[in-house]
Amino acid sequence: MKVTISAQGNDIGSLVDPRFGRARWFIMADTESDEWSALDNSLGANAAGGAGIQAGTTVAAQGADAVITGNVGPNAHRVLTAAGIDVYQADRSPGHVTVSDALAALRRGELTIVDEPTVSG
């Protein structure tokens with residue numbers, strides 16, 4: 001499965017970013033091969049508006065099957081679910097969980113799918 005995680009840094013040891021659309025980095029991980037790469041989201045992170053839509057579109061274009069993040073707004077959630085991408089919330093305090101830990105929690109079935117936005121737009 002191809003999973004995209006919102007991250008504060010550009011590697012799997014980085015903390016999960018609590019924001020999806022305005023995350024500085026996305027870590028694109030393949031749970032089958034354990035390969036990963038970092039995608040710079042500085043344009044979205046610094047956008048005046050529409051960051052969630054832009055981030056959702058970017059993640060969908062990368063072929064993600066799932067997203068792990070702290071919170072997701074209504075526009076991003078709509079784009080992701082329309083693309084068939086499952087959204088998982090990292091944990092109640094995403095700024096304290098590493099990308100690697102979030103992936104491990106997903107593999108263990110500890111993360112739940114977010115059926116609606118977790119924050120307002």
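Me: Leaving aside neighbours within four places in sequence, which residues is I113 in contact with?

Reply: In this predicted model, and once its neighbours within four places in sequence are left aside, I113 is in contact with D86, V87 and Y88. I113 itself is found in the segment after helix 4 (99-107), and although V87 lies 26 residues apart from I113 along the chain, the C-alpha atoms of the two are separated by 5.5 Å.

Me: Is I113 buried, partly exposed or exposed?

Reply: Buried means under 20% relative accessible area and exposed means over 50%, so I113, at 40% relative accessibility, counts as partly exposed.

Me: How do the axes of helix 2 and helix 3 cross?

Reply: Angles under 35 degrees count as roughly parallel. The axes of helix 2 (residues 51-61) and helix 3 (residues 74-82) come within 7 Å and cross at roughly 20°, which makes helix 2 roughly parallel to helix 3. The crossing in which helix 2 passes helix 3 is right-handed, and the contact is made by G52, I53, G56, T57 and V59 of helix 2 together with N75, A76, V79 and L80 of helix 3. Five residues of this contact are nonpolar, four are polar and none is charged.

Me: Which residues of helix 2 are buried, and where do they lie around the axis?

Reply: The buried residues of helix 2 are A51, G52, A55, G56 and V59, and because they cover an arc of only 125° around the axis, they lie on the same side of helix 2.

Me: What follows helix 2?

Reply: Helix 2 is followed by G63, whose phi is positive, near 85°.

Technical notes. Residues numbered from 1 in each chain as written. Predicted model: local features only at pLDDT ≥ 70, side-chain atom pairs only at ≥ 80, totals over all residues. Heavy atoms only, no water. Axes fitted to C-alpha atoms, helices over the stretch in contact; angles between N-to-C directions. Helix = DSSP H or I, 4+ residues; strand = E, 2+ residues; numbered from the N terminus. Parallel < 35°, antiparallel > 145°, perpendicular 65-115°, else oblique. Left-handed = near helix turned anticlockwise from the far one by under 90°. Contact = heavy atoms within 4.5 Å. Nonpolar A, V, L, I, M, F, W, Y, C, P; charged D, E, K, R; others polar. Buried < 20%, exposed > 50% of the residue type's maximum accessible area, 1.4 Å probe, protein only. Arc of directions from axis to C-beta.
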